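Hello,

Here is the structure I promised to pass on to you. Please open it alongside this email, and I will walk you through what turned up.

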Amino acid sequence: MLIEIWGRRATLATFLAGSAAAAVLFGMPISYVSLIAEDHQHFLAKCGLDLDETAREGAFCNYAILSDDVFVVEDAWADPRFRESPLVINPPHVRFYAGA
């Protein structure tokens, strides 16, 4: 599958390899590349995550795309923006997030 983003083309395998490499490099059980739509996020490539998409409202990525810096949530359970997120209270029980 060939994907074009920002005028550049890459195969889905490229994104899958990047996601797997990020999980290993940072020692994290979950790593993914998501595409943000108006009302949801689609997990294009993923490692350690069984979901294909989630609602955009309350999504970690929804906040990450608003920043020019890396967006970090040290403890999602303690953060009022995310403590009731399905990804926090249900599997995979996300506690830490970093996204750019």
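Tyr63 is partly exposed, because its relative accessible area is 29%, and that value falls between the 20% limit for buried and the 50% limit for exposed. Please keep in mind that this is a predicted model. Tyr63 pairs with the ring of Phe71, and the two are stacked, with 6.0 Å from centre to centre and 15 degrees between the planes. Phe71, for its part, is buried, with a relative accessible area of 11%.

The structure holds 7 aromatic pairs. Another stacked pair is Phe60 with Phe82: the ring centres are 4.3 Å apart and the planes meet at 20 degrees, and planes under 30 degrees apart count as stacked. Where do Phe60 and Phe82 sit in the chain? Phe60 is in helix α2 (residues 60-64), while Phe82 is in the loop between β6 (71-73) and α3 (86-89), so the pair ties together parts that are 22 residues apart in sequence. Both Phe60 and Phe82 are buried.

Next, have a look at Gln41, which you will find in strand β4 (residues 40-47). Is Gln41 buried or exposed? Gln41 counts as buried, because its relative accessibility is 1%, and the cut-off for buried is under 20%.

Finally, turn to the surface. A nonpolar patch is formed there by Leu25, Phe26, Met28, Val70, Val72 and Phe96, and together these residues have about 610 Å² of accessible area. One of them, Leu25, lies in helix α1 (residues 12-26). Leu25 counts as exposed, because its relative accessibility is 66% and the mark for exposed is over 50%.

Enjoy exploring it, and do write back with any questions.

Best wishes

Terms used
Residues numbered from 1 in each chain as written. Predicted model: local features only at pLDDT ≥ 70, side-chain atom pairs only at ≥ 80, totals over all residues. Heavy atoms only, no water. Patch = residues over 30% accessible without salt bridge, like charges linked within 9 Å, V, L, I, M, F, W, Y side chains within 5 Å. Areas by Shrake-Rupley, 256 points an atom, 1.4 Å probe, with all protein chains shown as cover. Salt bridge = Lys/Arg side-chain N within 4 Å of Asp/Glu carboxyl O. Helix = DSSP H or I, 4+ residues; strand = E, 2+ residues; numbered from the N terminus. Buried < 20%, exposed > 50% of the residue type's maximum accessible area, 1.4 Å probe, protein only. Phe/Tyr/Trp six-rings, centres within 6.5 Å; stacked < 30°, edge-to-face > 60°.
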